[in-house]
Amino acid sequence: MNKKAGRLLSIISILSIQLVSICGCGDSGTSILQDYGLLNNDAETQAGTFDTSFNDIADSESLSEDGIYINTGDAITVGFSQIGAESDWRLACTNSIVSAFTAENGYNLIYDDAQQKQENQFKAIREFIDQDVDYIILDPIVETGWDGALLEAKEAGIPVIIVDRRVSVEDDSLYTAWIGADFYLEGARACAWLDAYLNKKGIDKEIGIIDIQGTLGASAQIGRSNALKDAVEAHENWNLLAAESGDFVKAKGREVMESMIKEYGYKIDVVYCENDNEAYGAIEALKDAGYKIGNDINNGEVMIISFDSTREGLELTLDGTIAVDTECNPLYGPILTQTIACLHNNAYLQKESYVLESQFSADRTVYSTRIDGNTYKVTIISQDIIDERVY
Ligand code: AHR
């Protein structure tokens, strides 16, 4: 059977297996992805689920210690379009995917670094189509503008798996699956921590907040910025002094912070950095300008809130420089091999899945937060947690 006919058969099989699954065969027990702590199917937190049918595939094939699906058949060719190398998180994400899709594990990975340009991602997708890859993995820099490129992949019969950030397209059949983070929830957890902290400490003064945003139009920016905007609207004494993009990089984080210091000076109580790299830059700028960083905002300290929970971010959390660091999980390699295993073996594949994420603080004022009736744990950071971090 030629490759295209095989793909057509696969698509038909996936559809029929999905129907079987919808009819009640796919909702029991925990999936292997959860067993590995890769996906969150915890009713208490995100709503993501991953169907248990992967367990059947894994029984008959091998799974590495890290949860990587080892393909023992013909090599599977995967084209991966990565955004770039803007942050420590991004490097960890690339490393996780590249080290999962190795020749030893049964894959032929074609990796493309788009260097922060959507046009380069379009180009990469077209090249993957020309190379007749079996699957495309796309981490989209921004949400919009993907309809044309994804249509070309669909017409070529190549399933596209979107990872990390989302695409916003008219027709969601243009991609096969999305696996990523609930960025709004990450932001809501950070704001809920701040709310609980201020309440417990009895701090009710006007709170001046600066938002150093991520790359504008990226899901990670949209979710985190919107969560902050909503929290500011819900609190009469929270004032969003300014929001400006730091593009998820340290140098830009520093630059934005320097200009905010000039503009708002001691009105700044809280800096909401949309990733750790921006936080490193903001912290440097604040220290150089003579500001004291810490949680005692009643006495002039500037509180830093951050996202990602990279090793360096958690070290700064442990020493109290970052008040709270909400995790964004970059370890997509094993999840993606398992996703491709589902597709390759015509198993049911859930359209959207969320990765598992935590939140860390050294401060013992807040142990958990409540959002929409759900409880979210705040993990008190320790050196042991940092030592276990692989990124
Ligand atoms: O899309 C995930 C975000 O992108 C991470 O928070 C950030 O560090 C990265 O560059």
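Trainee: From which domains does the shell around the ligand draw at least three residues?

Mentor: From each of domain 1 (3-181 + 330-357) and domain 2 (184-328 + 360-388); the bounds come from an automatic or database domain assignment. Mind that this is a predicted model: local features need pLDDT of at least 70, side-chain atom pairs count only at pLDDT 80 or more, and totals for chains, interfaces and linings use all residues. Residues are numbered from 1 along each chain as its sequence is written.

Trainee: What makes a residue count as near a molecule?

Mentor: Its C-beta atom, placed from the backbone, has to lie within 6 Å of it. Residues around the ligand include Trp 89, Arg 90, Phe 307 and Asp 308. Two or more shell residues come from each of α4 (88-100) and β11 (303-308).

Trainee: Why is α5 called a helix?

Mentor: Helices are DSSP runs of H or I with at least four residues, and α5 (residues 118-130) has 13. It reaches 19 Å from first C-alpha to last, close to the 18 Å expected at 1.5 Å a residue, where the span is 1.5 Å times one less than the number of residues.

Trainee: Which residues of α5 are buried?

Mentor: Gln 121, Ala 124, Ile 125 and Phe 128: buried takes 20 or more other C-beta atoms within 10 Å of a residue's own, exposed 12 or fewer, with C-beta atoms placed from the backbone.
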